[in-house]
Structure formats: C-alpha cells, structure tokens
Amino acid sequence: MDINLNRVKKHIETLATFNATPGNGITRLSFTVEDRMARDYIKEEMSQIGLKVWEDGYSNLFGRREGKDPNSPVIMIGSHYDSVINGGPLDGVAGLVSALEILRVFEENNIENYYPIEIVAMNDEEGVRFGTGISNSRVMAGLMDEKELDNAKDKDGISLRKAMEEYGIVPDINNAKRPKGSIKTFVELHIEQGPILERNKKDIGLVETIVGLDKYEVTFKGKSGHAGTTPINNRKDALIAASEFILAVNRIVRGIGDGTVGTVGELSLSPNASNVIPGYVKLSVDIRSTKEENIKGVYKQLLKEGEYIQDKRNVDIELIHNLYIPPVNMSEENIVLMEKISQKLGYSYLRMNSGAGHDAMIMAEVAPSNLIFIPSKDGLSHHPDEWTDYEDIKKGIDLMLHTVIELSKIKQGKV
Ligand SMILES: [Zn+2]
C-alpha cells in the first residue's frame, strides 16, 4: 500500500497552471477564472476516485468516500487552493493533493473505513481578494455573518456575494454550517512556511498550538507646525511619540518572552513633509503568542506605556482593537497517535507551534483538529520560490494516510 508520488507531482504541476501571473509565482484568487479552472480539475479528480462530489452554500468543495456506517461523523481532510498574489505552488495545495492521494490509495487498496471520509477543497483561505480570509472554515463553523457577503468587496467594488453568484454558487451560508458532532476530526497537512523543520532536520511537524493573534490600530494626535520656527521644547510631535511606542512594543514583547512576538508593520503620518512637524501618525500592532495571558499582558503594558508617552510628549494616543483570535490547541490524542505512526514509519518529527493562522484553527471550533507540517525550503512561503522536495511531501502524506486509516476504523467511544 504505497502512495504514488507521480500522481502527486502531476496534481501540483497541473494546479500551478491555473494561474493569473505565469512566470511570476502563483496568483489564484477566490472566485476568479483561475479558481474555476482549478476547481473543475479537482472535481474531475474526485469523481475519478469514485467519490461523491458536491459543493455547499459557500463554495466548499467536498468529495466523500462513504463509510461502513454512513450516519456516523466524518473524518474531514483537506486544505485550500487559493493563493496570495505572486505566491508559491504549495501553500494549501500540498494539503489538498495529499487528501486526493490518500483517498485514491483507499480506493486502490479497498481499505475499509467505518467512518465516512470527506475531502474538503477550500478557495478563500488567504482572503486576498476580499480582505477577509479563512472564510470557508468560518462558514462551516458558523462563524461568518451573512452581512459579510455584501460588506466584503474587492478592489473593483465587487461584493463577495456578487462574485460568488457570477462564479455559479448560490450563497447560502446557513446551510453550509456543519453542526457540532457531525465531524469526528479534521486533519490538514500544510507546508510549514518557516525554517524550523529544515533547521532541525526533521521530516514532520506536529502542531500543538496555533498562536493567537491580537491586532490593533494606534493613532497619535499631536500638532503639526513649521520645522524651523517651532521651538524644540514646545512641540507636539506625533512621530516622536509613535517612535517611543514602537520601541516599547519590542521591549514589552521581549520582556514577556515565551515565544511571544510583536510587530509594527504599517505606519502612516501626516502631513508627511520634510519641513513640517508630524501632527498625526497611525500605526498597526500585531501581537502573537501561544498563550492568551501573554497576549493580554502585552496589551495591558502597552496601554500603560501609551498613557506615559501621551503625558510625556503631549499628544493624544488612542488604541483601537481590530481583531482578536485566541490561541487554539490541536487534538493531543491525535498528536500521540501521529507520533506513534511517525516512529513506525521511521520519520523524524517535532512537536511545534504554528505562528500562522490556518483553517484548522477555525475547524477546531467544530471538531478536534490537527495540523501536520512538512518542511519549507529556506523557510520561504508566499513567494514564487516556495518549495518542499517531493520526498518530503511523500513523508507527510504517508503519515497522514496511516493516521486517516487509524482514525477511520476506530469505532466511536472505543480506542
Ligand atoms: Zn495556507
């Protein structure tokens, strides 16, 4: 019972041709022509395996292998196939083609599964086109508000709803919700998108926690004035205050430690002229940690720091929360199972965390979920040179195949 790496290679190479920017990385945005071509290919492959194929009211594409007990909860496997602009060929796709290959092997070898197994192909994880993201899984988890279909618009002003309709999907997100208990477990294979596995020379990453994310916008209101005539002791320079704040973000995050990271990645100032004191600055703060208390700790300290800088620099500082996603733990029971299987297969592995968000963290709302990482060459991702050697992809698929075999034969309540 072997996986066929040539088939995997063919899927990856074919999917890479459905691309809006040939020669300059992969660009496959949601509900576009490239998305449609990729979807038709995936549908065809699912049908050839003999799976039951359908789409839900968001655009989640499913291929189902019936279980011995068709009424029992499903094992769901899969990932996304949309990309960022000028991205790489494997982000998302690696997980999706793994799922296709696994059910192909089930079919070829007549492997019996008690639980039904469903592949899910998602097309709106990156969220580049509508500025949203992890949408397919949010819909399945019942976490998307109907209003988003009209409020989320692309750069041409086309709403998500309109784009879906043009694509041929009748939006019905309430129907796409998967009730708790209907999914037994969700497993996603994904490229690491970082350097840890490669540096540690490990074949597999077993993700324990997907980090939580706290994002806010900070504004600094001072007073602009002539750069030559305003005395240095009499200024309300918003950029000086912002600079102190940026350094404080780094200092506070380092102080908390424990793998906590913090980034100020976006900054705008006004009037942004060389001979005028900056009167207004807006910046973004992005804090990530595997522990909620660390994220909250950073926020608390930053509020205090803001008050201190506000008084010292005579400017008004305001913090507005944009987004908070708590850290999510993956299924420990499945991690232990995957450790055993890795040992049996002779593959080295590492328990690790994911610094990036994935559909698995949303699916964890509905069912115990897991994320398997395979190494990324030079830690590169969201880049045309993103790559993982086929031999490394094979190890990931092998682990996942045997995991799915185990999970799908265990009867509920018995281990
Ligand atoms: Zn991805």
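How many helices and strands are there in the protein chain? The chain holds 13 helices and 14 strands. Both are DSSP runs numbered from the N terminus, with helices (H or I) of at least four residues and strands (E) of at least two. The model is predicted: local features need pLDDT of at least 70, side-chain atom pairs count only at pLDDT 80 or more, and totals for chains, interfaces and linings use all residues. Residues are numbered from 1 along each chain as its sequence is written, and side-chain values use heavy atoms, with hydrogens and water left out.

The C-alpha trace spans about 85 × 45 × 40 Å along its principal axes. Of the 415 residues, 53% count as buried. Buried means under 20% relative accessible area, exposed means over 50%, and partly exposed lies in between (1.4 Å probe, protein chains only). Contacts were also examined by sequence separation, a contact being heavy atoms within 4.5 Å. Among those between residues at least 6 apart in sequence, 78% join residues at least 24 apart.

A zinc ion is coordinated by H80 (NE2), D91 (OD) and H190 (NE2), at 2.0 to 2.2 Å. Donors are N, O and S atoms within 2.8 Å of the metal (3.2 Å for Na, K and Ca); water is not among the atoms, so sites may look incomplete. Along the chain the zinc donors follow the spacing H-x10-D-x98-H. H80 lies in strand β3 (residues 74–80) and H190 in strand β5 (residues 183–191), so this pair ties together parts that are 110 residues apart in sequence. Both histidines are covered. H80 is buried, with a relative accessible area of 0%. H190 counts as buried at 1%.

The structure holds eight aromatic pairs. Rings of Phe, Tyr and Trp (its six-membered ring) pair if their centres lie within 6.5 Å; planes under 30 degrees apart count as stacked, over 60 as edge-to-face and the rest as tilted. One of the pairs joins F31 and Y58, whose ring centres are 6.0 Å apart with planes at 80°, so the pair is edge-to-face. This pair links distant parts of the chain. F31 sits in the loop between α1 (5–15) and α2 (33–49), and Y58 in the loop between β1 (52–55) and β2 (61–65), 27 residues apart. F31 is buried at 6% relative accessibility. Y58 is buried at 0%. W387 and Y390 are also edge-to-face, because their ring centres are 5.3 Å apart and their planes at 85°. W387 is partly exposed at 26%, while Y390 is buried at 16%. F31, Y58 and Y167 form one aromatic cluster.

Lysines lie over aromatic faces at two sites described here. K52 lies over the face of W54, at 4.9 Å from the ring centre. K184 lies over the face of Y115, at 4.7 Å from the ring centre. The criterion places NZ of Lys or CZ of Arg within 6 Å of the ring centre and within 35 degrees of the ring normal.

Helix α13 comprises 20 residues (residues 390–409). At 1.5 Å a residue it should span 28 Å, and its end C-alpha atoms are 28 Å apart, which agrees. The expected span is 1.5 Å times one less than the number of residues. The helix is mostly covered, with 14 of its 20 residues buried. K394 is placed in α13. This lysine is buried, with a relative accessible area of 18%. Leaving aside neighbours within four places in sequence, K394 is in contact with D2, I3, L5 and Y347.

Two loop positions complete the description. S274 is in the loop between β9 (267–270) and β10 (280–289). At 81% relative accessibility, S274 counts as exposed. Its C-alpha atom and that of A227, 47 residues apart along the chain, are separated by 8.1 Å. G355 is found in the loop between β13 (349–354) and α12 (359–363). G355 is partly exposed, with a relative accessible area of 46%. Neighbours within four places aside, G355 is in contact with V211 and R288. The C-alpha atoms of G355 and E198, 157 residues apart along the chain, are separated by 16 Å.
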